[in-house]
Amino acid sequence: MADLTHLNDDAADGLLSPVEQAAIVLLSIGEEPAAAVLRCLSREELLEVTQVMSRMSGIKVESVKLAMQTFFDDYRQQSGVHGASRSYLKRSLDLALGGDIANTVLNNIYGDELRPKMARLQWASAKWLADYIANEHVRMQAVFLAFLPPTLAGQILDALPLEGRDLVLLNLARLDEIDRDLLAELDELVNRCLSSFDMQSTSVEGVRQVAEILNRLPGNRAQIVELLRAHDPEVVEQIELSMYDFLILSTQTEVTLTRIIEEVPLEQWAIALKGAELSIRDAVLRTMPKRQAQAFEDMMRRAGPVPLSRIESTRQEIMATVKALADAGEVEVQLFAETVVE
């Protein structure tokens, strides 16, 4: 039990016990707040602190100052204040602002709660998301895109039917505030989308995988390709395109590259090598005679910006030429990077 005989002397020395300090605080805040605090104590705590309170008298200002200072120091460090729940906020805002304004504020607040859900959708493919929202109203499509990163939103827009894209963008540009009903619909759409996404099967790039297998297959690859072509000529065309990727030019021998460069006009190279990986560009330039390489670099500088679609189509034309040369037996094309041993 606290010895109150030396309470004021102890306060001067800063030695008041926690119970003594609690008793002083309770005596200082008034009966009703003190009663509210006492209701939160256990039986033993209540008896201990009230016994100390009953025996206190003539408390000096220094003792009160010390107890109150300790109380507020502890409060700042151990405040039990937590973030408000939605129901708490709604009740408070209803009282403060009225129902309509409170709902607007809540819409603004809980619209932000959608963003973590939307962030999960970034793991889905743009094509899958576009298919999922393709039948939604154009305004809902616009709101959906508004909560996604611009890059993904652009990819989804590109995968939507061409005839409706302008209206989606127009609605997106006109968005300012999203009303409660539309936000609720968006929330439902996102939840359905996430549920479907969680059940989605794993995607596999079958064409690319077959191309990789064929590129590494010993023996007569051409015979197997023709067998496949008899079953499905369209898929074989995709496989061949995948096998003759523009990237493989960086791994060709000087003899093969020299023959390809002879066959492909410099103007085509100047377009195809725009933005290409440095390894491909270096491989082509190393193979050219020095004077031709200098002229080629000047041509590239003069060419200026080129649309990506034109670059891609030019690269496909070059690789079609490479395949024709390989099919004719004029070049031996290395379709994948060989593992080397020092």
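This is a predicted model: local features need pLDDT of at least 70, side-chain atom pairs count only at pLDDT 80 or more; totals for chains, interfaces and linings use all residues.
Residues are numbered from 1 along each chain as its sequence is written, and side-chain values use heavy atoms, with hydrogens and water left out.

**View 1. V235 in helix α16.** V235 sits in helix α16. Helices (H or I, at least four residues) and strands (E, at least two) are DSSP runs, numbered from the N terminus. V235 counts as partly exposed, at 28% relative accessibility. Its C-alpha atom is separated by 7.4 Å from that of V207, 28 residues apart along the chain.

**View 2. The packing of α15 and α16.** Helix α15 spans residues 221-231 and helix α16 spans residues 233-243. They pack at an angle of about 140°, with axes 6 Å apart. Axes are lines fitted to C-alpha atoms, for helices over the stretch in contact; angles run from 0 to 180 degrees between N-to-C directions. The two helices are therefore oblique to each other. Under 35 degrees counts as roughly parallel, over 145 as roughly antiparallel, 65 to 115 as roughly perpendicular, and the rest as oblique. From α15, V225, L228, R229 and H231 make the contact; from α16, P233, V236 and E240 do. Contact means heavy atoms within 4.5 Å. The contact residues divide into 4 nonpolar, 1 polar and 2 charged. Ala, Val, Leu, Ile, Met, Phe, Trp, Tyr, Cys and Pro count as nonpolar, Asp, Glu, Lys and Arg as charged, and the others, Gly among them, as polar.

**View 3. The largest pocket.** The largest pocket holds about 490 Å³ of space. A pocket is an open set of points on a 1 Å grid over the protein atoms alone, where a 1.4 Å probe fits, with protein on both sides within 12 Å along at least five of seven lines; lining residues have an atom within 4 Å of a point. Grid points are joined across faces, edges and corners, and the volume is the space filled by probe spheres set on the points. The lining has 17 residues, and P18, Q21, A22, V25 and F71 lie nearest the centre. Elements giving two or more residues are α2 (18-28), α4 (43-55) and α5 (61-77). Helix α2 gives the most, with 6 residues. The lining divides into 12 nonpolar, 2 polar and 3 charged.

View 4. I29 is placed in the loop between α2 and α3 (31-38). I29 is partly exposed, with a relative accessible area of 33%. Not counting residues up to four places away in sequence, I29 touches A34 and V37.

**View 5. Q268 in helix α18.** Helix α18 (residues 266-272) holds Q268. Q268 is buried, at 19% relative accessible area. Leaving aside neighbours within four places in sequence, Q268 contacts T314, E317 and I318.

Notes: Buried means under 20% relative accessible area, exposed over 50%, partly exposed in between (1.4 Å probe, protein chains only).
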